[in-house]
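Here is a short briefing on a strand pairing and a ligand site. Look over the structure, then read on.

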Amino acid sequence: MAQQAEHTLSQALAAFDFGGPAQGALRFGEGHINDTFLVDAGKGRFILQRLSTAAFKEPDKLTRNVVNITDYLAREIARQGGDPSRETLRVVRTRRGEDSFTDSDGGVWRVFPFVEGTVCYQAAETPALFAASGRAFGRFQRLLRDFPAHTLFETIPRFHDTEDRLRKFKEAVAADPLGRAKDCQADIGFVLAREGDCSAALQAQRDGMLPLRVTHNDTKLNNVLMDERTGEAVCVIDLDTVMPGLSINDFGDSIRFGANHSAEDEPDLSKVNFDLDLYAVYTAAFLGAAGDALTEAEIRYLPWGAKLMTLECGMRFLTDHLEGDGYFHISRPGQNLDRARTQFKLVSDMEAQWEQMNAIAARYIPAKPG
Ligand code: ADP
Ligand code: GN1
Ligand code: MG
């Protein structure tokens with residue numbers, strides 16, 4: 001870590017009320033966006049994060065969202081007999097009573113208690129684990145169904161606007177600032193051949209078929225903490241992108257990440273295969289926990305959520321690769337291109353199993369009376 005960055009880390013450590021002296025901070029986790037540290041403060045452990053300014057332009061409003069959402073979740077969880085101290089994040093305040101701290105370089109920091117006794121998995125190691133994440137995100141939908149979505153700030157405007165992502169992708173291809181496009185012609189062609197698909201969900205929303213909901217928008221399995229003993233989901237984390245959105249996208253992003261047996265950046269595409277059984281397992285778990293929070297049209301569109309989140313994420317990785325990797329953290333050259341390619345392989349697999357994907361979702365459409 002650069003010296004200047006270390007200096008701001010010490011400022012942040014001094015600013016928060018950890019209930020005891022912070023005994024240093026270690027880099028933690030495998031997130032792509034924020035800088036995350038584990039802080040040991042004797043009596044308790046904490047997660048300290050510096051928000052990515054590349055991703056989040058208005059950190060104060062984002063923090064307000066997170067406070068509002070977590071306060072609401074804590075109340076709902078308590079009302080339903082759960083344990084809010086484990087089942088939702090809670091914002092830890094600074095010594096001055098503020099929800100976040102801004103360092104001398106303008107970096108914005110915030111703190112959550114570390115949820116003890118949990119594990120954060122990077123892959124759906126077993127179907128049971130994947131199902132647990134499905135229950136977590138289905139429950140998230142149900143818990144927030146009456147939250148006033150219009151009071152939430154859009155932390156990343158047009159985050160899952162796949163039409164806009166396509167526009168930005170095309171701009172990156174046209175500008176090609178690093179001359180990388182020549183080495184990914186097939187990948188660029190893959191996206192351009194699916195231009196029309198990019199409107200499928202948005203058109204259904206414009207047509208009034210898909211309602212706007214409070215959504216998480218980043219529903220990877222590694223954004224759920226699992227109980228280390230039982231493997232059951234405990235707490236949904238990474239709430240920076242909670243904003244109004246489509247439920248099918250929350251479903252779809254989980255499928256994109258978890259319904260396969262390879263890493264998101266696997267360079268060997270022969271290892272990357274969409275797993276229809278895992279898709280079925282997740283569908284059952286997600287819809288079971290969401291209860292009647294979703295409409296028939298939303299259930300019908302779940303396969304589109306899966307395909308579009310995967311295609312969109314591939315476009316985003318490829319855009320970032322073309323633009324010089326300024327958004328998604330990389331640990332080796334070409335990593336964002338590898339990430340894009342795994343997504344496109346999964347899209348192809350989904351297209352080959354499209355009928356089955358639709359049939360599985362259709363199982364959960366309630367039969368009409370009579
Ligand atoms: P990013 O947006 O960079 O993915 P996350 O908020 O997901 O950041 O945090 C990164 C990692 O830190 C998570 O994958 C998880 O391992 C860990 N983590 C975050 N919050 C907590 C918490 N409250 N308790 C335990 N681990 C956490
Ligand atoms: C980012 O922050 P993290 O690693 O959970 C990204 C998601 C992508 C994901 C791909 C704010 O998620 O949208 O789907 O990487 N988050 C943001 O792994 O852009
Ligand atoms: Mg994360």
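In β9, V236 is the bridge partner of V224. This is a predicted model: local features need pLDDT of at least 70, side-chain atom pairs count only at pLDDT 80 or more, and totals for chains, interfaces and linings use all residues. Residues are numbered from 1 along each chain as its sequence is written, chains are lettered from A and ligands numbered from 1 in the order written, and side-chain values use heavy atoms, without hydrogens and water.

**Sheet and helix**

- β8 (residues 224-227) pairs with β9 in the antiparallel sense over 3 bridges. Strands are DSSP runs (E, at least two residues; helices are H or I, at least four), numbered from the N terminus.
- The open, antiparallel sheet has 3 strands in the order β6-β8-β9. Two strands pair if DSSP finds at least two bridges between them.
- β6 (118-119) and β9 (233-236) are the edges, each with a single partner strand, so one side of each has no neighbour in the sheet.
- Helix α4 (residues 127-143) lies across β8 and β9.

**Ligand 1**

- Of the 18 residues around ligand 1 (a heavy atom within 4 Å), those that come nearest are N34, Q49, V115, N223 and D238.
- Backbone N or O atoms lie 3.3 Å (I33), 3.0 Å (N34) and 3.4 Å (N222) from an oxygen atom of ligand 1.
- Taken alone, ligand 1 exposes 550 Å² (Shrake-Rupley, 1.4 Å probe), and the protein buries 95% of that.

Notes. Polar contact = N/O pair within 3.5 Å; in protein donor to acceptor, adjacent residues only side chain to side chain. Contact = heavy atoms within 4.5 Å. Axes fitted to C-alpha atoms, helices over the stretch in contact; angles between N-to-C directions.
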